[in-house]
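Dear colleague,

Please find below the structure I promised to hand over, with the sequence alongside. My notes on what was found in it follow directly after.

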Amino acid sequence: MNALNLAVADGMTIAKRNALKIRRAPDLLGGVVMLPIVFVLLFTYVFGSMISLPGMSYGEYLLPGIFVLTIVTSAQITGYTLTQDLQRGIFDRFRTLPMSPSAVLTGQTIADVIMNLTSMVAMAVVGLLVGWRINSSPPQAALGFLMLLLFSYAFSWVTATVALALRTPEVFNNVATILSFPMVFLSNAFVDSARLPGPLKPIAEWNPVSTLVQAARELFGNTSPALPTPAAWPLQHAVPVSLAWSVVLLAVFVPLATRLYKRAVSR
């Protein structure tokens, strides 16, 4: 129990350190907050005027997808920060301290959840201003936001693993962009995945991003009986499958990232 308490305390200390870094680098937080807001305004007022959905506005359909887009892109900050600390020798300083080996990764991922929460609050406010509404009960809406934050925490461990494997910020940025953007755009975040052609349709329907977007739409009440019912099994059980995805990602990538971190600091 003492080891667990030490790991938690060390993790919170690192989280506080990374949160202070965000406050002292407002351009970093500004990018995370402003990019989703630009997407909201762009898709709502430019593409929204050309996309019609039966029984609901495109803005209501869009916002859950923008939430998930923010989670996936913001998770790259975890990996980028880790590669920077690795190049600057910060890990070598941590190695000399009597701290838990997992504290650096835990603190970084917790700090990124705080950043994601700030970004989602800003997006929700802008969404309400442009016509987005939550049409479900308060407990369902709260579960929707908690589910998004849980997935963001889990996905941060994925990017941490990739970063520790690649070890340089430039390479990590290139690889993360190549991997993350197809995940978002080859999904139901912006259009109905059932309307995609050929082999793209099953890929999008079984994409965990699509499942998370569908779950957020259901919990926020941003659906319409006039829309076609999803045919893919993950989309028919979107909420439990999304929660299961978060658990699986944590179970796989927390120990993997910790192992790669130990290897990195032992060199």
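In this model, a polar atom of the side chain of Asn207 lies 3.0 Å from the backbone nitrogen of Val209; a polar contact is taken here as a pair of N or O atoms within 3.5 Å, where within protein one must be able to donate a hydrogen and the other to accept it, and where residues adjacent in sequence count only if both atoms are side-chain atoms. Please keep in mind that this is a predicted model, in which local features need pLDDT of at least 70 and side-chain atom pairs count only at pLDDT 80 or more, whereas totals for chains, interfaces and linings use all residues. Residues are numbered from 1 along each chain as its sequence is written, and side-chain values use heavy atoms, with hydrogens and water left out.

To stay with Asn207 for a moment, this residue is found in the loop between helix H9 (200–205) and H10, where helices are DSSP runs of H or I with at least four residues, strands are runs of E with at least two, and both are numbered from the N terminus. Asn207 counts as buried because its relative accessibility is 9%, the classes being buried under 20% relative accessible area, exposed over 50% and partly exposed in between, with a 1.4 Å probe and protein chains only. Not counting residues up to four places away in sequence, Asn207 touches Met183, Leu186 and Ser187, a contact being heavy atoms within 4.5 Å.

As for the overall picture, the protein has twelve helices and zero strands. Of its 267 residues, 50% count as buried, and among the contacts with a separation of 6 or more, 83% are between residues 24 or more positions apart. The accessible surface comes to about 12500 Å², and 69% of this belongs to carbon and sulfur atoms; these areas come from the Shrake-Rupley method with a 1.4 Å probe, and for residues only the protein chains shown count as cover.

Ile66, leaving aside neighbours within four places in sequence, is in contact with Pro36, Phe39, Val40, Met123 and Phe190.

Arg167 is placed in the loop between H7 and H8 and counts as partly exposed because its relative accessibility is 24%, while its C-alpha atom lies 9.0 Å from that of Gly79, 88 residues apart along the chain. Phe181, in helix H8 (residues 169–185), is partly exposed at 32% relative accessibility, and is 8.6 Å from Leu69, C-alpha to C-alpha, across 112 residues of sequence.

On the outside, Met34, Val38, Leu41, Leu42, Tyr45, Val46, Phe47 and Met50 form a nonpolar surface patch with about 760 Å² of accessible area together. Patches are made of residues with over 30% relative accessible area and no salt bridge, joining like charges within 9 Å and nonpolar side chains (Val, Leu, Ile, Met, Phe, Trp, Tyr) within 5 Å, and a salt bridge is a side-chain nitrogen of Lys or Arg within 4 Å of a carboxyl oxygen of Asp or Glu.

With kind regards
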